[in-house]
Amino acid sequence: MLEKFDIAVIGGGIAGVSVAARLSKHAKIGLWEQEDLLAHHSSSRSAAVFISDYGNSDVCELNLITFHEMQSKYPGILQQRGLMSLEKNGEIEEFDKHAKSLSLSLISVNEAKEKAPIIDLKSVKQAAWREDVFDIDTDLLIQTFRKECLSNGVQIFTNSAINKLERNKDKWTLNSKIQSDILINASGAWADNIAQLANLKPKNIQPFKRSMARVEIDTSNNLSSLPVLFGSDNTWYAKPDAGSMIVSPADVSPCEAHDAWADEEDIALGIYNFETMVETKVKKLTSNWAGLRSFAPDQSLVIGPDSDATNFFWLAGQGGYGFQTCLAASQIAEDILFNQTSQVPNSISEKFSPYRFA
Ligand SMILES: Cc1cc2nc3c(=O)[nH]c(=O)nc-3n(C[C@H](O)[C@H](O)[C@H](O)COP(=O)(O)OP(=O)(O)OC[C@H]3O[C@@H](n4cnc5c(N)ncnc54)[C@H](O)[C@@H]3O)c2cc1C
């Protein structure tokens, strides 16, 4: 006997839980996650930063929509932190490009030192700044969506990989025991694998590994008030987190979908580049990890029905902005699946349609 659902969501990261929460008032929903816990992969490994100008111009529209809903409906998720880009000798072009792409304003190095006392003015030649950059409480956000799911009757199955998909007439059968009218592919780095399992064409969604280290640094300064610090040459970024600093080498390494881990050399390089720009030294490497940022070829999310099977819904290609786009993305999914209008105009949602690859 098949267990029946209106919508089956594959993937328990931010994409899956946010869309399941959004749709939970409309339909009987099941969510399947292959790991023991939700958010085991990319969604527990991010830098947890919200930068409204991060991503291409289409993605930035999703950032803004998400920002407004996050501020109004989910108080406490965003905390202002600020962001500073730092240039050392000889990277003037990269610095200008970086500052322009993130809409940063040039500030004097003395002002930069006031805002971030750990920076080393012997190394920092220029600085640019933006106040309205936020920390995202990603754990709280995931838990909030999970609770919303559970209170609206979503069934969440962890330790439950979907490894067989069959399409009969207008219904999907999952693992030969679950039936669903609609399938949502929110499987992150595995999005193309799920399409192949469904006998559909992949969208060339490519995972890229990015590493991160948690470090203790030797300083008497109050770390918690530091902004996010970026090397404008894109070789490192860092921010305070729970009493220590997290430092990333900003690596972009293409790979297959897998449970990613950090490469020691990447971590060492990131820490070295960070240390060249600050007065202090790293005392201790507490932990390190890596996660996958998965991008479609045009770096925009893929949201909408597949052109060869309209009840296969893509929610993929979240890249480096899965948290800061999640509410706009789930809103687009609700609008399309339930044929409704919202604050997201069609002119925006159309840009993310999988039909662009057909
Ligand atoms: C180092 C780093 C820094 C980042 N910084 C930021 C940031 O500052 N701000 C921001 O907004 N974003 C950031 N991101 C990006 C963000 O983390 C991702 O865009 C987001 O987590 C992707 O969410 P997801 O749900 O699509 O994927 P995931 O979290 O990977 O979830 C997909 C889930 O699908 C499951 N799955 C796959 N196949 C199956 C199957 N067959 N059956 C069942 N389950 C399956 C997987 O186990 C996985 O849990 C960062 C990412 C990294 C790696």
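How are H2 and H8 oriented to each other, roughly parallel or roughly perpendicular, and why?

Modeller: The model is a predicted one, and what follows should be read on that basis. I start with the helix itself. H2 covers residues 57-73, which is 17 residues. From its first C-alpha to its last it reaches 25 Å, close to the 24 Å expected at 1.5 Å a residue.

Next, its buried positions. Val59, Glu61, Leu62, Asn63, Ile65, Thr66 and Met70 of H2 are buried. The cover over these buried residues includes strand S4 (78-80), helix H8 (326-337) and helix H9 (346-349).

Now the orientation. Two packed helices are described by the angle between their axes and the distance between the axes. For H2 and H8 the angle is about 100°, and the axes are 6 Å apart. Angles of 65 to 115 degrees count as roughly perpendicular, so H2 and H8 are roughly perpendicular to each other. On the H2 side, the contact is made by Leu62, Ile65, Thr66, Glu69 and Met70. On the H8 side, Cys326, Leu327, Ala328, Ala329 and Gln331 make the contact. By class, the residues of this contact divide into 7 nonpolar, 2 polar and 1 charged. Leu62, Ile65, Thr66 and Met70, which take part in this contact, are also listed among the buried residues of H2.

Leu23 is in helix H1, residues 14-23. Leaving out residues up to four places away in sequence, Leu23 touches Ile7, Ile29, Ala333, Glu334 and Leu337. Ala333, Glu334 and Leu337 are partners of Leu23, and H8 spans 326-337. Leu23 has 23 other C-beta atoms within 10 Å; the cut-off for a buried residue is 20 or more, so Leu23 is buried.

The protein is divided into domain 1 (3-48 + 138-204 + 298-357) and domain 2 (83-131 + 206-295). The C-alpha centres of domain 1 and domain 2 lie 32 Å apart. Their contact takes 17 residues from domain 1 and 14 residues from domain 2. The side of domain 1 that touches domain 2 has 5 nonpolar, 11 polar and 1 charged residues.

Ser103 is in the loop between helix H3 (92-101) and strand S6 (105-107). Its phi is near 55°, a positive value in a residue other than glycine. Ser103 is partly exposed, with 14 other C-beta atoms within 10 Å. Asn234 is in the loop between strand S14 (228-231) and strand S15 (237-241). Asn234 is not a glycine either, yet it has a positive phi of about 60°. With 17 C-beta neighbours inside 10 Å, Asn234 counts as partly exposed. Asp259 is in the loop between strand S17 (253-254) and helix H7 (264-275). Asp259 has 11 other C-beta atoms within 10 Å; exposed residues have 12 or fewer, so Asp259 is exposed. Asp259 and Lys88 are 171 residues apart in sequence, and their C-alpha atoms are 35 Å apart in space.

Note on methods: Residues numbered from 1 in each chain as written. Predicted model: local features only at pLDDT ≥ 70, side-chain atom pairs only at ≥ 80, totals over all residues. Helix = DSSP H or I, 4+ residues; strand = E, 2+ residues; numbered from the N terminus. Expected span 1.5 Å × (residues − 1). Contact = placed C-beta atoms within 7 Å. Axes fitted to C-alpha atoms, helices over the stretch in contact; angles between N-to-C directions. Parallel < 35°, antiparallel > 145°, perpendicular 65-115°, else oblique. Nonpolar A, V, L, I, M, F, W, Y, C, P; charged D, E, K, R; others polar. Domains from an automatic or database assignment.
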